[in-house]
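My entries follow in the order in which I made them.

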Amino acid sequence: MQKIYLDNAATTPTDSRVLKAMEPYFNKVYGNPGSLHGSGRESKTAILQARKSIAKILNCKPEEIIFTGSGTESDNLAILGVARAFLTSLAKSNFYSSGECIVTSAIEHHAVLYTCEQLEKEGFDLVYSKVDKDGVLILDDFKKAITDSTILVSIMYANNEIGTIQPIKEIGEIIKEIKADRIKRNIDAPIYFHTDACQAAGYLDLDVQKLGVDLLTLNGSKIYGPKGMGVLYVRTGTKLKPIVFGGGQEKGLRSGTENIAGIVGLAKALELSQAKRKQESAREAKLRDYFIKEISKKVSKVVLNGHAEKRLPNNINISILDIEGEAMLLWLDKYGIFCSTGSACDSQSLEPSHVILALGRPYEYANGNLRFTMGKYTTKKDLDYVLKVLPKIVSDLRSISPVNVKI
Amino acid sequence: MKTKAKIKKTDVASARVGDGWVYSETVKDHFFHPRNFLPKMPKKGEFDAEGQVGSPQCGDVMRIWIKVDPKTEKIKKLKWRTFGCASAIAATSMFSVIVTEKGGMTVDQALAIKPQDIMARLGGLPVRKVHCSVLCDKAFMQAANNYFRNKGQHEKIIVLGHKVIDKRLNITDHDIEEAVLEGARTLLDVQKKLKVGVGDPEAIPAIEQLIKFYLEKYYG
């Protein structure tokens, strides 16, 4: 049976060219980069190369790149790191501000949300800036959410569930204005802007100067690179404390012997995906719009979640009413189609997707949710197969459902 | 080790083991090939009674129709429609089989079916999914009550009275039952969900007793 993988937002297969680039760094070049001998130096050179290559894409300095163990870890380091550095600076100068505040949105990935919630438990104020019905941050509300006690803003570049792209550049400009204003008014407290760009990495511009971010998270597993590899871009001057302690690698911000193969692989993956970014984006966006149009014709009561245009090219997120997402997912799985759902029934907590609910959609929409995320190996033929199979699954499940929601 | 081997063999985590997410072959079979469901809404008088529980908001809705032989009181037909995940569909399907197989059960006999009887026949369910299978017996109880009402057997109607355990928060034994079904195992778990007993420490012994009772009932 054919297998159609439409869960690329969960993770991507490792590109064979990435695998090839990584291969020597398991048992041919294996020295500890911290060692002075030849083998160690070889490893160190490889890391330096990777750092340079990533810095070139991000338009930053190589020393502003910190390698971590995952996107989640990068998010944790950015958020906890900024908060703890600020607390440390308070204790040193004996300076008390009116309280510290972190601004984020309700549709962030749990790596950001739960880290912010942890800080809330540790005494920080947490403010959720509102998103509109398509999941786009409302800038006017965002401006109001920021006060003199805001030390960190964390807004994702593109959403992992609904693919909505946030106005990062505009947010960056707002933050720049706030920074300038604070200097003018002699306010010492810093304000940093972090974005999680894991989902955006293969499709959008990662130039940190244009985006105006101070911290940016990337990972390998969404761009055909290795899993268990993350990057945190840290703008020079950003005060950060580590969350992992030990040998002092990565400028003391992330101790632990470097994952050389992973680092090399991630750099290669980013290079490959950014090189083909524009043409691949255009190809997938066309497929995306084709699928959304066709499925709306073939199936009744289908709703698109997220913004129709401000959307990642690979993301299709729909709610099919009167039936439940996990049941659809299992039927699709039986036909060799792999996707995901935000339904309560498929979550550990039995709570439906926080993202769909944050759009102001009722629970029925979250429970009838399906997400198809394409990748560079997805073809029109794959989508046509889904378009053939899905309507039958929907009508079968509807034929045993007692629910008939009005929209 | 024994439990691990068992999981591998049956491809399912029993409620007791907990963390697994894989359905048993029986669950898959009843999900992909549901028995006794009603593809079209019934005509008037086609059934003797019906019952429904759940809401699409919480993710599961079940509706059950029954046809009872007036002479033998045996359930000749039990049909259903379910909105929900695989385990909800499979559990309703299995329930309909249990009730109607071997000539059918009487309404009283069918009322005695416990959630764990359905789960046992399904070859186990992941612990988070237990509440789905518990819904079909509740839907049936509604149908049975309606049946008794129609037949004038008012003394048989089952009234579920809920006892208030925490007066401050108005939390009932039913809320604690739900919490246990959703995975709470200890007083602390239940308190995380319900804040029960936090402002009413006198209620704690009763809460602990109820947790023990429901753990035994559903996972025992």
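**Entry 1: cores**

I looked up the largest nonpolar core and found 85 residues in it, of which Met328(A), Ile64(B), Ile66(B), Ala143(B) and Ile176(B) touch the most other members. A nonpolar core here is a set of buried Ala, Val, Leu, Ile, Met, Phe, Trp, Tyr and Cys residues joined through C-beta atoms within 7 Å. A residue is buried if 20 or more other C-beta atoms lie within 10 Å of its own, exposed if 12 or fewer, and partly exposed in between, with C-beta atoms placed from the backbone. I noted that helix 6 (residues 130-151) of chain B gives the most to this core, with nine residues. Helices (H or I, at least four residues) and strands (E, at least two) are DSSP runs, numbered from the N terminus.

The model is predicted: local features need pLDDT of at least 70, side-chain atom pairs count only at pLDDT 80 or more, and totals for chains, interfaces and linings use all residues. Residues are numbered from 1 along each chain as its sequence is written, while chains are lettered from A and ligands numbered from 1 in the order in which they are written.

I then listed the neighbours of Ile176(B), leaving out residues up to four places away in sequence: Ile165(B), Val190(B), Val196(B), Ile207(B), Leu210(B), Ile211(B) and Tyr214(B). Contact means that the C-beta atoms, placed from the backbone, lie within 7 Å. Another core, of 81 residues, lies apart from the largest one and has Ala158(A), Val234(A), Ile260(A) and Ile263(A) among its members. In soluble globular proteins, nonpolar side chains tend to be buried together.

**Entry 2: chain A against chain B**

I found 21 residues of chain A in contact with 20 residues of chain B. On the chain A side, helix 11 (325-334) and helix 13 (363-367) are the elements that give two or more residues. Helix 11 of chain A has the largest share, four residues. By class, this side holds 12 nonpolar, four polar and five charged residues. Ala, Val, Leu, Ile, Met, Phe, Trp, Tyr, Cys and Pro count as nonpolar, Asp, Glu, Lys and Arg as charged, and the others, Gly among them, as polar.

**Entry 3: chain B**

I counted nine helices and five strands in chain B. Of its 220 residues, 42% are buried. Chain B is divided into domain 1 (10-156) and domain 2 (164-219), with bounds from an automatic or database domain assignment. Their centres, taken over C-alpha atoms, are 26 Å apart. Nine residues from domain 1 and five from domain 2 make the contact.

**Entry 4: strand 3 of chain A**

How many residues of strand 3 (residues 101-105) of chain A are buried? I found five of its five buried. Cys101(A), Val103(A) and Ser105(A) lie on one side, Ile102(A) and Thr104(A) on the other, and both faces are covered. In a regular strand the side chains alternate between the two faces of the sheet.

For pairing I took DSSP's finding of at least two bridges between two strands. Strand 3 of chain A pairs in the parallel sense with strand 5 (residues 150-154) of chain A over four bridges, where Thr104(A) has Ser154(A) as its bridge partner. Strand 3 of chain A also pairs in the parallel sense with strand 4 (residues 125-129) of chain A, over five bridges, and Ser105(A) stands opposite Ser129(A) there.

Terms used:
Contact = placed C-beta atoms within 7 Å.
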